Amino acid sequence: MKQMETITVKVGENTFYITKFPAMTAANVFGQLTNFVMPVLGSFGSLVGKGDGSALDLNIEEAIPSLTLAASCISGAKLEELMMQLLIRYNNVAVEDRQAGEAVRLNKILADEIFCGETQDMFLLAVEVVKTNYSGFFKKLTDRFGPVFSRLTALANTINTVN
């Protein structure tokens with residue numbers, strides 16, 4: 001059964017075990033994910049496909065309004081709720097307990113302890129959960145809209161390099 005398959009990922013010092021969401025839960029979480037991600041991606045819409053140059057030729061001064069708009073779309077409460085849904089609420093993530101030698105379900109208290117001071121690892125784990133549950137969906141989108149996704153990826157890499 002697909003819901004019983006476990007994906008093992010190592011993030012930071014921890015080994016996590018991810019199971020897929022049930023179909024209806026996946027639809028609900030996807031709606032929340034879309035509500036969070038689309039305004040951010042939309043703020044970059046004016047930059048993607050602009051001119052014939054690559055995203056690496058992006059003028060950062062032109063990008064600042066889009067970056068500001070993207071940052072203003074991110075609500076801390078919405079982001080926390082999304083992390084709760086992706087990692088905890090549906091009991092789809094377990095972590096290897098090194099002391100007990102067994103996997104235990106990730107809960108808020110455990111997540112707070114594991115990710116304290118290592119918040120980036122929480123986001124990396126969330127990306128793994130998204131990939132586990134929606135990789136087929138994004139592959140189909142990439143097949144249809146590959147050039148747009150390629151430019152967005154290049155743009156994100158450019159921004160990360162500048163920072």
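## Overall build

What share of the 163 residues of the protein chain count as buried? In this predicted model, the share that count as buried is 31%. The protein chain has five helices and four strands, and, read from the N terminus on, its elements follow the order β-β-α-α-α-β-β-α-α.

The accessible surface of the protein chain comes to about 10,300 Å², and 59% of that surface belongs to carbon and sulfur atoms. Among the contacts in the protein chain with a separation of 6 or more, 61% are between residues 24 or more positions apart.

## The largest nonpolar core

In soluble globular proteins, nonpolar side chains tend to be buried together. The largest nonpolar core here has 27 residues, and those that touch the most other members are F16, L86, L87, V93, L106, F115 and L125. Two or more residues of this core come from each of the elements β1 (6-11), β2 (14-19), α1 (23-43), α3, β3, α4 (108-115) and α5 (119-162).

F16 deserves a look of its own. Its relative accessible area is 0%, which is under the 20% cut-off, so F16 counts as buried. Leaving aside neighbours within four places in sequence, F16 is in contact with I7, T8, V9, V11, V93, A94, V95, I114, F115 and L125.

## Aromatic pairs

A pair of aromatic rings is described by the distance of the centres and the angle of the planes. The structure holds three aromatic pairs, and one of them is formed by F16 and F115, whose ring centres are 6.0 Å apart and whose planes stand at 15°, so that this pair is stacked. Because F16 lies in strand β2 and F115 in helix α4, the pair ties together parts that are 99 residues apart in sequence. F115 counts as buried, at 5% relative accessibility.

Another of the pairs joins F21 and Y90, with ring centres 5.8 Å apart and planes at 80°, so this one is edge-to-face. F21 lies in the loop between β2 and α1, while Y90 lies in the loop between α3 and β3, and the pair therefore ties together parts that are 69 residues apart in sequence. F21 is buried, with a relative accessible area of 6%, whereas Y90, at 27% relative accessibility, counts as partly exposed.

Most residues other than glycine have a negative phi. N91, although it is not a glycine, has a positive phi of about 50°. This residue, N91, is found in the loop between α3 (76-89) and β3 (93-97), and at 44% relative accessibility N91 counts as partly exposed.

Methods: Residues numbered from 1 in each chain as written. Predicted model: local features only at pLDDT ≥ 70, side-chain atom pairs only at ≥ 80, totals over all residues. Heavy atoms only, no water. Buried < 20%, exposed > 50% of the residue type's maximum accessible area, 1.4 Å probe, protein only. Core = buried A, V, L, I, M, F, W, Y, C linked by side-chain atoms within 4.5 Å. Contact = heavy atoms within 4.5 Å. Phe/Tyr/Trp six-rings, centres within 6.5 Å; stacked < 30°, edge-to-face > 60°. Areas by Shrake-Rupley, 256 points an atom, 1.4 Å probe, with all protein chains shown as cover.
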